[in-house]
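Here's a quick briefing to read with the model open beside you. We'll go through a couple of helices and then a sheet.

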Amino acid sequence: MEDHGRETAAMREQERRDRQMALENSDSDIGLCGWILVLFSILLTLLTLPLSIWMCIKIVKEYERAIIFRLGRILRGGAKGPGLFFILPCTDSFINVDMRTITFDIPPQEVLTKDSVTVSVDGVVYYRVQNATLAVANITNADAATRLLAQTTLRNVLGTKNLAEILSDREEIAHSMQSTLDDATDDWGIKVERVEIKDVKLPQQLQRAMAAEAEASREARAKVIAAEGEMNASRALKEASLVIAESPSALQLRYLQTLNTIAAEKNSTIIFPLPIDMMQAFLKH
């Protein structure tokens, strides 16, 4: 399966390169009339020097590329820039393409999950133009198309997940979306660099139901812990009683310790039970 995937990716890359080469080499087919117009434009430029030089020199910034069209066909060599380049004023036109990374928010999407729960999910996508020639020639508006495709991909990916997976496996969902978007936008010259899931909003009724379930679960665990504590305490008391039963004087010491504790904490009248064993001598007399 991995070999088949690599072969498919290689074939797709080769097709993309072939289309790019065909677009960049299309200016050789402008025909005889086209070459006559080009020569006429060059002659007109030479005759109107130096005024025409201001119409021929163009500048693109470091993060931009220019796609030049000569008589409607992309000029040989592909994108130009950054820096200076020349165009013919009558036959050439150009389009600037921004090569910087673009960020946009995916609007909240109402998604029905695999376990029939409606959630609202939004995200953010980072992408850039990797091939300016394909971004201009293969699609009308690469930015708008990428945004719409991201919304559709988000709904499609989340529709195959249940609620627990959406809440816990955001990283996996984002990676799956990135791979899907990157494959789909490869023919447009777009490179999707990163996708992140921002927020998952649940309906109010579902939130209350989940809160009630979590509260009931916590109460059940608290009761189990309290019962275990009582059981351990009873076992400790049983062991303590066995130790005291082995020595009668230990009980008297325990009485004295209890009296000391009560006297230290509260100043009040204390009725201390006197052991009957101590009164037996007086009772005999």
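**What packs against what**

The buried residues of helix α7 are covered by several elements, including β6 (102–112), α5 (142–158), α6 (163–168) and β8 (190–201). Keep in mind that this is a predicted model.

**Helix α7**

- This helix takes in residues 170–184, which makes 15 residues. From its first C-alpha to its last it reaches 21 Å, close to the 21 Å expected at 1.5 Å a residue.
- Which residues of α7 are buried? They are Ile173, Ala174, Met177, Leu181 and Asp182.
- Looking down the axis of α7, you'd find these buried residues within an arc of 160 degrees, so they line one face of the helix.
- Turned away from that buried side is a face of α7 with the exposed residues Glu171 and His175.

**Helix α2**

- With 17 residues, α2 reaches 25 Å from first C-alpha to last, close to the 24 Å expected at 1.5 Å a residue.
- Its buried residues are Gly34, Val38, Ser41 and Thr45. Seen down the axis of α2, they fall within an arc of 60 degrees, so they line one face of the helix.
- The cover over the buried residues of α2 includes α3 (53–56) and β2.
- Over on the other side of α2, the exposed residues are Leu32, Cys33, Leu39, Phe40, Leu46 and Leu47.

**A look at Thr45**

- Thr45 is found in α2, the helix of residues 31–47.
- Is Thr45 buried or exposed? Its relative accessible area is 10%, and buried means under 20%, so Thr45 counts as buried.
- What does Thr45 contact, once you leave aside its neighbours within four places in sequence? Thr45 is in contact with Ser52, Cys56 and Pro89.

- Strand β2 (residues 64–70) runs antiparallel to β3, and two bridges join them.

How values were computed. Residues are numbered from 1 along each chain as its sequence is written. This is a predicted model: local features need pLDDT of at least 70, side-chain atom pairs count only at pLDDT 80 or more; totals for chains, interfaces and linings use all residues. Side-chain values use heavy atoms; hydrogens and water are left out. Helices (H or I, at least four residues) and strands (E, at least two) are DSSP runs, numbered from the N terminus. The expected span of a helix is 1.5 Å times one less than its number of residues. Buried means under 20% relative accessible area, exposed over 50%, partly exposed in between (1.4 Å probe, protein chains only). The arc is that of the directions from the helix axis to the C-beta atoms. Contact means heavy atoms within 4.5 Å. Two strands pair if DSSP finds at least two bridges between them.
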